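Here's a quick tour of a protein model, from the overall build down to rings and charges. Have a look at the structure first, then read on.

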Amino acid sequence: MSYSFIPGEGMEFYRVISGASPFEPEWGRLEPARVVQISFDTSKSSEENGADLKAAMEALQPGDRLEIGSGSYTLASYVALNLSGNATSPIWIAAGPGAQVRIARPDAAQNLVNLGVGGLVRYLCLEGIEFTGGSTGIRLGDCQELWITQCKIHSTGGIGLSANSTNTSRLFITQNEISNTGTAGGTGECLYLGGNNGFVTMSESVIAMNHIHSPHPNAVQGEGIDLKQGSWGNLVAWNLIHDCNYPCLVVGGTNGKTVNIVENNTLYRSQDSVLQVQGECIVRNNLVVSGAVAAFQSRNMQGGATEIKVVHNTFINNEVAVRLRDWENGDNMVFANNACYSNFDAPINAMSSLPSVTFSGNVAFGVQSVALPGFVSGKGMSDFVSLSWDAFLLDARPSQESSLLGVADDTYATELDIAYSRRSAPHAAGCYVR
């Protein structure tokens, strides 16, 4: 399959050109056994229509697809949906063909929608619905085989979507727009996945092709995606995440379980580090630009910084481009084929001696030289087609005379680049091929 890159188009930032998405669950495109339709009744209030919708959702059985007609449905009471289909008979709650469906809560006294809280959710899909208001927009409890796709979640009192109270697995969160979360003085994470110190984890899940941005500027926290320590085997891919108070993306370690993969994301503008990774992770083909602390930071927060492979990324920042903390005691640490560019500071800030780390095929530009092996010097922004330090220009393809061309280590070359174009030798450093 292939995708086209469409800057600035929100939910359609990545548009499918052909084929079925590799980010969907196997059961996602099965035909329903029964289609149930509900329409907005203009003779009733928004709250009355919301009560009717709540009853219709609660009554769904395996194999049902609920198609919702256009309208603004207000859920004024506590909503906990505990719906379980199966691998051959999932349950769908979706906007009807061409419908504009808005589900709202009038205050932040309760979460807007709870899934698997006080029960189980299995083989359930939410598709094409706008969710707004409530304390948390969508709170996940005991959920497995859950697909949330092509939805909007915004203007919440706190978190946009949380999965931090009960272990979850096989979640598919794809092609959504999540924005404007939180309030001044409160938390405002767009996606909060897993719990602190590994007591609650998310595993074997896919977070892909989402547009995540703009939590409340005065929130105490405001990550785009916060994937907590202990969560394992997850894929975070092809997301556009930008303008966050805290990191656009934070990924904890897995406590020795299957590594997480962070690939092909475009991340920019954070009042912290743009991308932060703590342990057991493959970080490849990401474009990361403009953070107050660093473009990329890796440090030991809640678990050992170990088993981290950072390959073919482009890290661009006015300040330090890359900060590596606690890597001196890690095992199987690789930093290869990356572009590390700083406008006013060091391209990489790390201990001068990291004998257990493999550095190879990297390009660096900044006011300080890099006292590490495996780096050659770049020329600055002229190495890219149209890329700026502040991330208002984001074409990070190598220019015709770029220092990135032909310097990457073939041993660590990825098969594809950030746009899923095939790489070929001699390989270019950074996230794009020429």
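## A charge over a ring

A charge sits over a ring if NZ of Lys or CZ of Arg is within 6 Å of the ring centre and within 35 degrees of the ring normal. In this predicted model, Arg 269 gives us a case: its charged end sits over the ring of Phe 392, 4.1 Å from the centre.

## Overall build

Let's zoom out. The protein has 1 helix and 40 strands. Its C-alpha trace spans about 70 × 40 × 35 Å along the principal axes. For 434 residues, a compact globule would have a radius of gyration near 22 Å, and the protein's 22 Å agrees with that.

Of the 434 residues, 59% are buried. Among contacts with a separation of 6 or more, 67% are between residues 24 or more positions apart. The accessible surface comes to about 15,900 Å², with 47% of it belonging to carbon and sulfur atoms.

## Aromatic pairs

The whole structure holds 13 aromatic pairs. Take Trp 327 and Phe 335: their ring centres are 6.4 Å apart and the planes meet at 70 degrees, so this pair is edge-to-face. Trp 327 is buried, at 0% relative accessible area, and Phe 335 counts as buried at 0% too. These two also belong to a cluster that ring pairs build from Phe 296, Phe 315, Trp 327, Phe 335, Phe 359 and Phe 375.

Another edge-to-face pair is Tyr 341 with Phe 384, at 5.1 Å centre to centre and 65 degrees between the planes. Tyr 341 lies in strand β34 (residues 339–342) and Phe 384 in strand β39 (residues 384–387), so the pair ties together parts that are 43 residues apart in sequence. Both Tyr 341 and Phe 384 are buried.

## Salt bridges

On the charged side, there are 17 salt bridges. One of them joins Asp 64 and Arg 34, with the closest N and O atoms 2.7 Å apart. Asp 64 is in strand β4 (residues 64–68) and Arg 34 in strand β3 (residues 34–38), so this bridge links parts 30 residues apart in sequence. Asp 64 counts as buried at 3% relative accessibility, whereas Arg 34 is partly exposed at 44%.

Arg 29 and Glu 24 also meet in a salt bridge, 3.0 Å from N to O, and Glu 24 counts as buried at 18% relative accessibility. Lys 309 and Glu 307 form one at 3.8 Å, N to O; Lys 309 is partly exposed at 30%, and so is Glu 307 at 28%.

How values were computed. Residues numbered from 1 in each chain as written. Predicted model: local features only at pLDDT ≥ 70, side-chain atom pairs only at ≥ 80, totals over all residues. Heavy atoms only, no water. Phe/Tyr/Trp six-rings, centres within 6.5 Å; stacked < 30°, edge-to-face > 60°. Buried < 20%, exposed > 50% of the residue type's maximum accessible area, 1.4 Å probe, protein only. Helix = DSSP H or I, 4+ residues; strand = E, 2+ residues; numbered from the N terminus. Rg over C-alpha atoms; globule rule 2.2 N^0.38 Å. Contact = heavy atoms within 4.5 Å. Areas by Shrake-Rupley, 256 points an atom, 1.4 Å probe, with all protein chains shown as cover. Salt bridge = Lys/Arg side-chain N within 4 Å of Asp/Glu carboxyl O.
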